[in-house]
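Open the model in a viewer and keep a selection panel at hand. The stops below are meant to be taken in order.

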Amino acid sequence: EVQLVESGGGLVQPGGSLRLSCVASGFTFSSYIMSWVRQAPGKGLQWVSSIYSSGSSTYYADSVKGRFTISTDNAKNTLYLVMNSLKSEDTAVYYCNTVLLGAAYWGQGTQVTVSS
């Protein structure tokens, strides 16, 4: 059974930082591409970042590149997203996501609000 549980969201001022976490279970964590996807109010899903830890490969959307850092702790089956220099447009629900066996799996999401 694949399970993904996000945490770490909250309210932060512009320019501030947050670290999101996603605890995964039910599959070999390091063998799959893991992603962060977000949904802003009234908007569709936007891909943010992905990582394939076995190959030490990371990928970022242009809007977050240089500000966000994706990483994993494979021993803990945990995915992280460190978000620096946050902007109001980063406000969204952030979801942890992976695709395996032809199906997409999602966590419940964690709310990030960037506001002064």
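The tour goes from the disulfide to a strand, then to the core and the salt bridges.

This is a predicted model, in which local features need pLDDT of at least 70 and side-chain atom pairs count only at pLDDT 80 or more, while totals for chains, interfaces and linings use all residues. Residues are numbered from 1 along each chain as its sequence is written, and side-chain values use heavy atoms, with hydrogens and water left out.

**Disulfide.** Select Cys22 and Cys96, whose sulfur atoms lie 2.1 Å apart in a disulfide (a pair of cysteine sulfur atoms within 2.5 Å). Cys22 belongs to strand β3 (residues 18-25) and Cys96 to strand β9 (residues 92-100), 74 residues apart; strands are DSSP runs of E with at least two residues, numbered from the N terminus. Both Cys22 and Cys96 are buried (under 20% relative accessible area, 1.4 Å probe, protein chains only).

**Strand β4.** Next select residues 34-39, strand β4, where five of the six residues are buried. Which strands pair with β4? Strand β5 (residues 45-52) pairs with β4 in the antiparallel sense over six bridges, and β9 also runs antiparallel to β4, joined by six bridges. Pairing requires at least two DSSP bridges between two strands. Pick Gln39: it stands opposite Leu45 in β5, and its bridge partner in β9 is Val93. Then move to Gly42, in the hairpin of β4 and β5, which has a positive phi near 75 degrees; five residues lie between the two strands.

**Core.** Select Met34, Trp36, Phe68, Leu79, Leu81, Met83 and Tyr94, which touch the most other members of the largest nonpolar core, a set of 27 residues. Such a core consists of buried Ala, Val, Leu, Ile, Met, Phe, Trp, Tyr and Cys residues joined through side-chain atoms within 4.5 Å. Centre on Phe68: beyond its neighbours within four places in sequence, its contacts (heavy atoms within 4.5 Å) include Val48, Tyr60, Arg38 and Asp90.

Finish at Asp90, in the loop between β8 and β9. How many salt bridges are there in the model? The count is two, a salt bridge being a side-chain nitrogen of Lys or Arg within 4 Å of a carboxyl oxygen of Asp or Glu. Asp90 pairs with Arg38, with the closest N and O atoms 3.0 Å apart, and with Arg67 at 2.8 Å, N to O. Asp90 and Arg67 are buried, as is Arg38. Shared partners join Arg38, Arg67 and Asp90 into one network.

Key. Helices (H or I, at least four residues) and strands (E, at least two) are DSSP runs, numbered from the N terminus. Buried means under 20% relative accessible area, exposed over 50%, partly exposed in between (1.4 Å probe, protein chains only).
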